[in-house]
Amino acid sequence: MKSLINFFDKVGYSITSRINRLGTAARLFFLILISSGESFKRFNLTMKEIYFTGVMSLVIIIVSAFFVGMVLGLQGYYTLQKYGSSEAIGVLVALALVRELGPVVTALLFAGRAGTAITAEIGLMKATEQLSAMEMMAVNPVGRIIAPRFWAGVIAMPILASIFSMVGILGGYVVAVIVIGVDEGAFWSQMQANVDFRYDIVNGVIKSLVFGVACTIIALFEGFDAPPTAEGVSRATTRTVVTSSLVILGLDFILTSFMLGG
Amino acid sequence: MSDNLINIQNLTFGYGKELLHKGINMEFQRGKVSAIMGGSGSGKTTILKLIGGQIKPNSGSVSVEGEIVHDQNLSGIYKLRRKMGMLFQHGALFTDLSVYENVAFPMREHTDLPENIIKDLVLMKLNAVGLRGAYKLMPTELSGGMARRVALARAIALDPDIIMYDEPFAGLDPISMAVICDLIRTLNDALGATSIIVTHDVAETFSFADYIYFVADGVVAAEGSPKQLMASKLPFVKQFIHSEKDGPVPFHVSAPSYNSDLAL
């Protein structure tokens, strides 16, 4: 009987602590929105973070996009060839990247590269009392440290996803046209004719914006909420990757359902 | 104008159900260097946090220049904090900013001073702590004592009325310790500030503090000038000042009998 009570006690504690963390994250999100004035008035603070989260992520984004595009070109060609429509390879690569892989893979890579860096940085700032020092200097750490990083993530993500799609298409082009020998005119013209700006490109940008908000808020919250110890920061960094990945994939399904349904 | 810049009355505070402070009364006089001493975990740093409005007391009051700190809203607390400078235990320098930028930080955040004036002020503050020549260095290139001095320059950047020091001597070599002692006294007198030091270093504190509070078991166990406390017959004060291993603060943490733990 006692072990059963302990079991329910643990389950209850786990549920309430998760709800509590969700509430704290939502509170941080609203605090960021309220304290965002500084991020735009002193845009150099946000620009510095865009460089850190966006520009510094370019190498991993470009290299991954090129390989993803090449694999898509290769796999797509061998499948389409069976149905005698290998010229449609350009459309397949472009739609797969613009609608799905561009936003999703970019967000997953962003969570692994920039998200973890943000969590570790904020967590260490907390552990070394830098955030407390800022508070004692009458400077709001949410406005000065958290909000510029949030907006930098939100701005950088759609740009990174666009670059990912562009480079991915180039990778598909290299494999399909240069290596396999698909007609170049058919590759580009079919892509131009079948990729819709509003339906495909804008929806892809909307997805990456939503992922940008989700990834950045998770990374910031985990850092801000991390216990001020080495172990606490390390656990928070791991949680950032795990939570971000699951949230991105879950949100992708929900957004795709709405977009295809609409 | 009252002589007391900060008043703490019947303060109780605790994390959870356990009370850390059980009715503390303290007064910090203008222009004086006061110290709060006590063993580890006695809630000394918490008193600084209560003065700075980072946490709220369970009951009682903390007032700065007649204004109750915990009755203020966020902008009121920020207004009060602009009168305060705080030196954290390990400096808490911003690791992504150079020494110069660290000291310039409060000036950039709270004033519209032109860059040439900021430069002059930063160099003056760094000169006061003897580190003008280190303005280009990054915090990772500084020793513990130097980092503490840069943090002190940053704490006095806006010439605060109150300077709070959290364990300013922790982990310092004897030379750095003597330098920090001298700076605390000199800067307090030169700026006409009121200083509060949280520490457990007896020899250093007794050499320059004007008034000392001893905190133990959640209350002020003793208070007075260094001379008065040196002559004190109170067992706790005697044990603390003379670093005695056993006394009112026991060597052993309360535990079941030794024999039962060892199953003898």
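This is a predicted model: local features need pLDDT of at least 70, side-chain atom pairs count only at pLDDT 80 or more; totals for chains, interfaces and linings use all residues.
Two strands are taken as paired if DSSP finds at least two bridges between them. Strand β3 of chain B (residues 33–37) runs parallel to β9(B), and four bridges join the two. Within this pairing, I36(B) has Y213(B) of β9(B) as its bridge partner.

A further partner of β9(B) is strand β10 of chain B (residues 219–224), which is antiparallel to β9(B) and joined to it by five bridges. Strand β9(B) itself, spanning residues 211–216, is mostly covered, with five of its six residues buried.

Attention now turns to the contact between the chains. Chain B contributes 20 residues and chain A 17 residues. About 1,700 Å² is buried between chain B and chain A, and carbon and sulfur atoms give 59% of this area. Three salt bridges are found across the interface; in a salt bridge between E109(B) and R144(A), the N to O distance is 2.7 Å. Six residue pairs, both members at pLDDT 80 or more, are in polar contact across the interface.

On the side of chain B that touches chain A, α2 (74–81), β6 (84–87) and α3 (99–110) of chain B each supply at least two residues. The largest share, four residues, comes from α3(B). By class, this side of chain B has 10 nonpolar, five polar and five charged residues.

Technical notes. Residues are numbered from 1 along each chain as its sequence is written. Chains are lettered from A and ligands numbered from 1 in the order in which they are written. Side-chain values use heavy atoms; hydrogens and water are left out. Buried means under 20% relative accessible area, exposed over 50%, partly exposed in between (1.4 Å probe, protein chains only). Contact means heavy atoms within 4.5 Å. Buried area is the accessible area (1.4 Å probe) that two parts lose on being put together, summed over both. A salt bridge is a side-chain nitrogen of Lys or Arg within 4 Å of a carboxyl oxygen of Asp or Glu. A polar contact is a pair of N or O atoms within 3.5 Å; within protein, one must be able to donate a hydrogen and the other to accept it, and residues adjacent in sequence count only if both atoms are side-chain atoms. Ala, Val, Leu, Ile, Met, Phe, Trp, Tyr, Cys and Pro count as nonpolar, Asp, Glu, Lys and Arg as charged, and the others, Gly among them, as polar.
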